[in-house]
There are 2 protein chains.
Amino acid sequence: MAALRINAERLNATLQSTCTSWGALAAPSTGMCRLTLSPEDKKTRDWLVQECESLGCEVKVDQMGNIFAIRPGTAKDRKPIAMGSHMDTQPAGGRYDGILGVQAALEVLRTLHENNMPTNCPIGLIDWTNEEGARFPGAMMASGVWSTKSSTRLEACWATQDQEGLLMKQALKEIGYFGSVLCDYRENGLECHFELHIEQGPFLERANKTVGVVTSVQGMKWFAVRVTGVEGHSGTTPMPDRSDALVTASRLITAVRDTARQTELGVATVGVINSDTSSQATIPAGVDFIIDIRCPTDDMVDQLATAVFKAFDSVVQEEGNGTAYEIKRTWGLPESKFHTRCIDAVRASALKEVSEDQIMDMKSRAGHDSAWTSRVCPTSMIFVPSKDGISHNPNEYTSPEHCALGAQILLHAVLEYDGKVQKGEY
Amino acid sequence: MAALRINAERLNATLQSTCTSWGALAAPSTGMCRLTLSPEDKKTRDWLVQECESLGCEVKVDQMGNIFAIRPGTAKDRKPIAMGSHMDTQPAGGRYDGILGVQAALEVLRTLHENNMPTNCPIGLIDWTNEEGARFPGAMMASGVWSTKSSTRLEACWATQDQEGLLMKQALKEIGYFGSVLCDYRENGLECHFELHIEQGPFLERANKTVGVVTSVQGMKWFAVRVTGVEGHSGTTPMPDRSDALVTASRLITAVRDTARQTELGVATVGVINSDTSSQATIPAGVDFIIDIRCPTDDMVDQLATAVFKAFDSVVQEEGNGTAYEIKRTWGLPESKFHTRCIDAVRASALKEVSEDQIMDMKSRAGHDSAWTSRVCPTSMIFVPSKDGISHNPNEYTSPEHCALGAQILLHAVLEYDGKVQKGEY
């Protein structure tokens with residue numbers, strides 16, 4: 001078993017060729033636009049299902065379009081040891097975020113299959129639907145529903161709409177992935193969940209390490225802010241008379257950044273902004289933007305949010321022109337602590353491949369489907385380095401060597417866990 | 001002739017009923033959304049044409065959809081004394097901006113007609129197309145083409161698109177106002193141009209005056225700004241590593257406002273902003289916004305623009321994170337000086353109605369079709385007060401008394417000018 005090795009060349013060739021085929025941005029970019037449930041996503045899914053079936057897996061699709069490909073084990077009454085991630089991308093994302101995790105899982109299944117390797121537990125590959133939340137709002141949506149721990153339930157997810165007003169339920173039906181399996185871990189459970197993912201940050205690279213053993217996912221909250229003022233004519237409204245929603249919003253956005261820097265509690269970002277007016281000659285009456293706050297602990301998230309809103313109050317008071325703001329909490333993911341059993345399996349597997357000084361325990365700064373699975377089954381993640389820490393960007397890059405290293409560690413983490421089950425330890 | 005009086009009740013009833021019929025926002029708002037060349041605009045135009053024809057006017061439509069309704073005069077070889085404005089509105093505008101000017105012109109024609117009043121020159125009503133530039137970008141578009149002095153020529157205007165991608169030329173054809181008359185003052189000229197308009201600012205009201213004699217329109221320039229940074233993941237990119245285009249844009253927008261306030265050269269506004277990302281979890285790589293600068297003179301516009309861009313350089317240097325900006329000059333209207341003949345006619349007419357202390361000479365802070373006509377024929381404007389200086393807003397309001405006063409002054413300004421022609425002075 002120690003000698004079992006994934007095929008690095010096959011893994012990377014498959015990853016690159018499927019990215020080139022389905023959702024690639026125009027060359028010379030190596031970026032991806034494979035929005036969830038799009039025609040490109042459908043083609044990728046169809047291919048994945050076919051590949052898994054050719055390896056002897058049983059494929060199930062649940063009510064949220066999550067794909068579960070299960071390679072049978074020898075034990076009776078054991079749930080699958082799963083390797084999950086996602087195949088959807090941001091509108092201008094890269095080839096590795098999520099995709100590597102599913103491709104590596106497929107490579108593990110191929111390796112087990114070609115070696116006729118029996119396992120005690122069934123071994124599962126999962127493609128989680130809509131991890132990005134880029135087309136249908138709500139990141140990590142379908143793993144959240146499956147865990148039953150997300151505040152956004154099945155019916156609410158089905159009712160989300162893309163920018164063209166298409167319901168997610170309809171989109172699932174249109175591409176043929178509106179499955180009949182209940183999207184609920186109590187009906188379709190897992191023994192545990194492993195996820196290989198690119199780090200998406202610069203910390204492994206900066207520390208000159210190659211493997212992150214992920215022990216938790218930081219807490220995060222999103223807040224929708226609406227700033228209001230008084231609409232007016234850009235030519236005729238004297239400067240001192242203005243109640244300009246966009247100037248106030250601009251100062252608030254600057255305050256978000258400044259507060260995150262000063263407190264050093266975590267990160268805070270505004271990416272989306274919309275002005276009420278599309279006329280250059282109008283002082284806007286309202287501006288909407290969304291704040292994304294992430295910190296190592298839930299307490300720190302709340303502290304940073306409190307500090308940001310205190311700064312907002314100062315800005316509005318200074319402006320003193322009738323502009324005001326309202327805040328709506330829109331989404332959150334509490335800090336997720338991963339499990340000793342899975343963390344230990346990842347670390348033991350990593351030590352088979354690299355020396356201890358190449359390995360680093362890490363918190364994930366990004367949200368992942370594993371954050372939801374960790375609430376209902378033992379979970380851990382493996383991180384491999386991202387070049388320059390860049391992600392959600394066409395220039396996202398992880399070397400073929402690091403992709404292969406991650407897949408190899410994923411294989412042996414699964415076998416390590418399965419071995420413990422076989423020995424009756426778990 | 002001194003006794004000739006417009007019918008205040010008819011003017012206001014017609015103005016209110018046509019606004020209620022075509023383009024009214026949902027009650028209780030008294031706001032308007034009558035975008036240029038929309039179905040509502042078509043109905044308003046059709047009605048206007050019918051009314052003018054019933055008063056014995058000849059109606060011509062030019063290549064930009066401008067409507068010229070001409071009541072014949074007694075002199076041969078004299079061009080029309082025109083009363084022009086516009087019937088289109090902002091997406092959330094009011095019932096007076098532009099609309100009052102055309103309705104008052106109609107009331108003048110009705111008054112002349114019912115009194116069988118002969119004039120030396122023909123008297124014209126003009127409904128200029130797309131003054132607002134709210135649907136097809138480019139304010140005062142069709143009067144600019146007619147004057148031949150705008151940098152945006154006929155073919156370029158036809159090629160502008162609305163948000164649905166419909167070409168303006170096609171929109172003109174679809175509502176039946178793609179006319180055959182050349183849109184060129186040399187082919188379809190005017191003796192002079194008068195325009196009654198609401199002030200859209202607070203200065204008449206604050207000075208407790210009722211009539212503005214408009215002597216010029218301030219200069220204005222628009223600049224499109226693109227701010228660039230580096231796209232990144234909102235969770236994994238450490239604060240010190242960020243090159244955040246939206247934070248830099250926010251600081252620049254604040255700098256626009258602060259510079260206008262500090263220099264006191266004029267007004268500067270940002271109303272439109274767009275972020276490259278629609279994902280809350282992405283640090284945007286780029287942000288676009290538009291600056292609108294207006295000052296009493298062209299020199300002051302350039303001084304204010306220079307001061308704004310100097311402030312931009314300081315912001316970008318302070319940020320020191322690789323964010324950068326580019327500026328494109330998109331549109332401008334040089335300062336427009338109105339003509340003694342028309343200014344005198346307006347002042348003389350105003351003095352027939354109100355005492356001298358009710359009258360104020362003013363610069364227009366908003367652009368108007370009269371800014372373009374002034375480049376090729378004698379022009380002036382009459383301003384009446386705007387409640388609280390509010391415009392481009394559903395709460396825009398001018399009292400029925402002030403509307404009637406403006407229309408009465410418009411009538412006698414036209415007759416005053418016509419009298420000078422009759423006497424051979426002009």
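A polar contact is a pair of N or O atoms within 3.5 Å; within protein, one atom must be able to donate a hydrogen and the other to accept it, and residues adjacent in sequence count only if both atoms are side-chain atoms. By this rule, 19 residue pairs are in polar contact across the interface of chain A and chain B, both residues having pLDDT 80 or more. The model is predicted: local features need pLDDT of at least 70 and side-chain atom pairs count only at 80 or more, while totals for chains, interfaces and linings use all residues. Residues are numbered from 1 along each chain as its sequence is written, chains are lettered from A in the order in which they are written, and side-chain values use heavy atoms, with hydrogens and water left out.

How many residues does each chain bring to the meeting? In chain A, 59 residues are in contact with 59 of chain B (contact means heavy atoms within 4.5 Å). About 5,100 Å² is buried between the chains, 56% of it from carbon and sulfur atoms; this is the accessible area (1.4 Å probe) lost when the two parts are put together, summed over both. On the chain A side, A:Thr236, A:Met239 and A:Gln280 lose the most area, together 14% of what that side buries.

Charged side chains also join the two chains, with four salt bridges between them (a side-chain nitrogen of Lys or Arg within 4 Å of a carboxyl oxygen of Asp or Glu). One of these pairs A:Arg206 with B:Asp241, at 2.1 Å from N to O.

Finally, 100% of the interface residues of chain A are also interface residues in chain B, so the copies meet through the same surface.
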